[in-house]
Amino acid sequence: RWEFPGGNKGADEERVDALRREYCEELGLQVGHARPLIRYRHDYPDISVDLDVWLIRRCRGKPRGLEGQAMDWVAPEALMAHDLLPADRPVTTALQLPDRYLITGSFQSPGEFEERLGQALDAGITLVQLRIPGADADVLAAVAKRAQAICAPRGAALLINGEPGITAEIATRVGARGIHVPARYLGRGTARRSVSTGLVGVSCHDRAELNAAIDMGADFAVVSPVQPTASHPRAASLGWEGLRELVDGLPLPVYALGGVNESDLDAAWNAGAIGVAGISAFW
């Protein structure tokens, strides 16, 4: 079966040093710029492995199978159909998710909504969560239809926030990429197969909710609040170290949310997140 290149880290090696050594030994590549992507534990019947996965953005050399192994270049979106080892599913998901996740905020008119969304997409946003607290299904569907018309030509993915059954139906109707499930719907027998065949994100605040997201088959989670926020001034924030401890070992890509913006990407990556999510940061 196929797997990503890599190998064991020596006891005294730094993580990035092990990455560079393994890629040189296996493929003859000199790794330049690389950053953490996702780290988690996978349990096989007879062994548990700590998978510390990095995203390489720059390297030198021509890849060759120096250990006699076969090689294949595969687009991220085609990885799920490849015969990968079971442990690699979270990696394939993480590779398809961008490092910024926009959550729509307030707006006073349809024109303002369209302008704000268009500006965010023009600034490079490619993953959008449509969130309209308190909106009934008809209003949500109408705005979702317009949002999808703006996102689709720019290649951006739209997820609709709300009750899973309602949002899944709307997402299918307007052609959205999937749904985003608020934490209050976790643990109610909600399963991925029953709510959507597309992308499923979940909002989480603690380990129990993250475990519930994994159990329902979610593709990724948003964890908050990482830093103090104006919208929730009394909420206890996790901090970067708290986020790291919370997601340690979990086979689920997560975004950091709450008082963060694009300048926090390095901190998010180093804390185990794949990126940052936000309203005010991007809306």
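Which residues point one way from β7, and which the other way? In this predicted model, Ala157, Leu159 and Asn161 point to one side of the strand and Leu158 and Ile160 to the other, and all are buried (under 20% relative accessible area, with exposed set at over 50% and partly exposed in between, for a 1.4 Å probe and protein chains only). Helices (H or I, at least four residues) and strands (E, at least two) are DSSP runs numbered from the N terminus.

The model is predicted, with local features requiring pLDDT of at least 70 and side-chain atom pairs counted only at pLDDT 80 or more, while totals for chains, interfaces and linings use all residues. Residues are numbered from 1 along each chain as its sequence is written, and side-chain values use heavy atoms, with hydrogens and water left out.

Strand β7 has a parallel partner in β6 (residues 127-130), with 4 bridges between them; strands are taken to pair if DSSP finds at least two bridges between them. Glutamine 129 is placed opposite leucine 159 of β7. Isoleucine 160 has isoleucine 179 of β8 as its bridge partner. Helix α5 (residues 164-174) carries the chain from β7 to β8, and this β-α-β crossover is right-handed.

These pairings belong to a barrel closed by 8 strands in the order β5-β6-β7-β8-β9-β10-β11-β12, with parallel pairing. From one strand to the next, the twist averages 25°; axes are lines fitted to C-alpha atoms, for helices over the stretch in contact, and angles run from 0 to 180 degrees between N-to-C directions. Helix α4 packs on the sheet and touches β6 and β7, its direction making about 165° with that of β7. Helix α7 lies across β8, β9, β10 and β11 and runs at about 165° to β9. Strands β10 and β11 are parallel and share 3 bridges, with valine 223 opposite alanine 256 of β11.

Serine 203 is located in strand β9 (residues 199-204). Serine 203 counts as buried because its relative accessibility is 18%. Its side chain makes a polar contact of 2.8 Å with that of histidine 180 (a pair of N or O atoms within 3.5 Å; within protein, one must be able to donate a hydrogen and the other to accept it, and residues adjacent in sequence count only if both atoms are side-chain atoms). Neighbours within four places in sequence aside, serine 203 is in contact with His180, Val181, Pro182, Ala183, Leu186, Glu209 and Val222, contact meaning heavy atoms within 4.5 Å.

In helix α8 (residues 239-247), the buried residues are Gly239, Trp240, Gly242, Leu243, Leu246 and Val247. These fall within an arc of 160° seen down the helix axis, so they line one face of α8; the arc is that of the directions from the helix axis to the C-beta atoms. They pack against α7 (207-216), β10 (220-223), β11 (254-257) and α9 (265-270). Glycine 249 follows α8 and has a positive phi, near 85°. In the loop between β10 and α8 lies proline 225, joined to serine 224 by a cis peptide bond with omega of about -10°.

Definitions and conventions:
A crossover is right-handed if, with the strands pointing away from the viewer, the path from the first strand over the helix to the second runs clockwise.
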